[in-house]
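Dear colleague,

Here is the structure that I promised to pass on, with my notes on it below. Please read the notes with the model open beside you.

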Number of protein chains: 2
Amino acid sequence: MQYPSKLIEDAVNEISKLPGIGKKTALRLALYLLKQDESSTENLSTALLDLRKKTKYCRICHIISDSEDCTCESARRDTSLLCVVEDTPDVIAIQNTAQFLGYFHVLGGIISPIQGIGPNDLNINSLLERVKNSDGAIKEVILALSPTMEGDTTSFYIAKKLQPLHVKITTIARGVPIGGELEYTDEITLGRSIAQRRLYDITSDS
Amino acid sequence: MQYPSKLIEDAVNEISKLPGIGKKTALRLALYLLKQDESSTENLSTALLDLRKKTKYCRICHIISDSEDCTCESARRDTSLLCVVEDTPDVIAIQNTAQFLGYFHVLGGIISPIQGIGPNDLNINSLLERVKNSDGAIKEVILALSPTMEGDTTSFYIAKKLQPLHVKITTIARGVPIGGELEYTDEITLGRSIAQRRLYDITSDS
């Protein structure tokens with residue numbers, strides 16, 4: 001594509017490096033910014049630079065934070081529960097359910113031999129240390145990783161490592177998603193949800 | 001949605017102001033930038049600021065440009081043809097067809113009473129001046145506006161204003177898009193393409 005100016009070409013090239021944004025969308029975004037006040041571009045630009053330069057990772061739970069001590073230490077949560085997740089969006093997603101009141105531990109990725117990510121690239125050692133140093137305060141570790149091959153591999157690896165620490169290890173339930181139609185559920189999910197069927201509890205709606 | 005840090009909340013808010021980008025996509029983009037080198041955020045940020053602060057509009061054709069004189073004056077194009085378009089993406093789209101070798105005139109929008117855009121907010125007066133001052137060099141003005149109600153209104157307004165200048169006024173052909181299936185073409189397009197049928201030219205493939 002030929003652009004009428006070098007400035008717009010540079011902007012389109014930089015914007016289209018973002019995931020899921022192609023050249024046409026990038027052009028549309030660039031032209032949108034051109035039509036707005038200068039301050040909107042300045043605000044966007046500052047927010048991005050600040051995010052990249054000032055973001056810290058909590059040294060305990062490794063969640064992204066404004067400082068190296070996130071609220072995880074002071075928060076009044078259930079210290080006996082620790083939920084292991086891949087990354088920050090998972091923390092946000094789980095917090096939005098309001099079903100979990102324990103603490104989080106962010107791995108910063110999952111084991112993926114194809115992408116060259118091994119156990120030592122993730123916050124697994126600090127997880128083991130955290131459980132060990134809690135002196136039994138952490139009673140249950142919930143593995144909340146995506147139900148993919150990489151996620152399962154990572155869960156298995158972590159579970160193996162946690163075994164000697166005598167902590168309860170659980171994983172989030174897998175099955176037919178609520179609101180989903182049985183007919184359109186894939187065979188593997190449906191098959192597992194039958195194999196892992198549970199007693200129907202007539203007193204609760206879950 | 002609750003974010004784990006103020007920095008990421010600010011970034012998500014700013015990114016999601018862009019058209020077509022919601023909070024979830026914004027979060028994904030912000031976390032992507034966090035995982036990249038600091039230089040990618042810097043480059044993106046600089047490109048956006050440069051675009052917004054340094055972009056000029058050519059004083060003749062009003063296309064966005066690095067300077068106030070774009071290449072339109074020096075380019076070796078057909079001076080007798082002037083193509084009127086709504087905005088820069090249209091110029092890029094038409095140039096990519098390689099079917100037009102004349103000059104462009106960018107209106108900077110179209111007449112839209114709902115959005116409060118009247119003829120005086122657009123580069124229409126400068127278009128009339130440009131045609132008038134060409135002393136007959138511009139022989140044909142092609143109105144290449146979108147076939148919407150606003151586009152048609154704008155075309156009609158411009159055509160009325162151009163009439164006294166004795167210049168040939170044309171508009172781009174409308175009809176069934178190439179590769180489109182008749183069956184799925186909307187009634188108005190199909191109806192017009194029948195009403196405006198043309199002689200089949202056996203010597204050409206168009």
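The two copies meet through the same surface, because 100% of the interface residues of chain A are also interface residues in chain B. The contact, meaning heavy atoms within 4.5 Å, takes 55 residues from chain A and 55 residues from chain B.

Before going further, please note that this is a predicted model, in which local features need pLDDT of at least 70 and side-chain atom pairs count only at pLDDT 80 or more, while totals for chains, interfaces and linings use all residues. Residues are numbered from 1 along each chain as its sequence is written, chains are lettered from A and ligands numbered from 1 in the order in which they are written, and side-chain values use heavy atoms, with hydrogens and water left out.

L7(A), L34(A) and R52(A) supply 14% of the area that chain A buries against chain B, more than any other three residues.

Five salt bridges are found across the interface of chain A and chain B, taking a salt bridge as a side-chain nitrogen of Lys or Arg within 4 Å of a carboxyl oxygen of Asp or Glu. In one salt bridge, the side chains of K35(A) and D87(B) meet at 2.7 Å, N to O. On the side of chain A that touches chain B, the elements that give two or more residues are α1 (6–15), α2 (23–35), α3 (38–54), β2 (64–65) and α4 (88–97) of chain A, where helices (H or I, at least four residues) and strands (E, at least two) are DSSP runs numbered from the N terminus. The largest share of that side, 15 residues, comes from α3(A).

Over all chains, the structure holds 15 salt bridges. K6(A) forms a salt bridge with D10(A), with the closest N and O atoms 2.8 Å apart, and both residues lie in helix α1 of chain A, four residues apart, about one turn of the helix.

Best regards

Notes
Buried area is the accessible area (1.4 Å probe) that two parts lose on being put together, summed over both.
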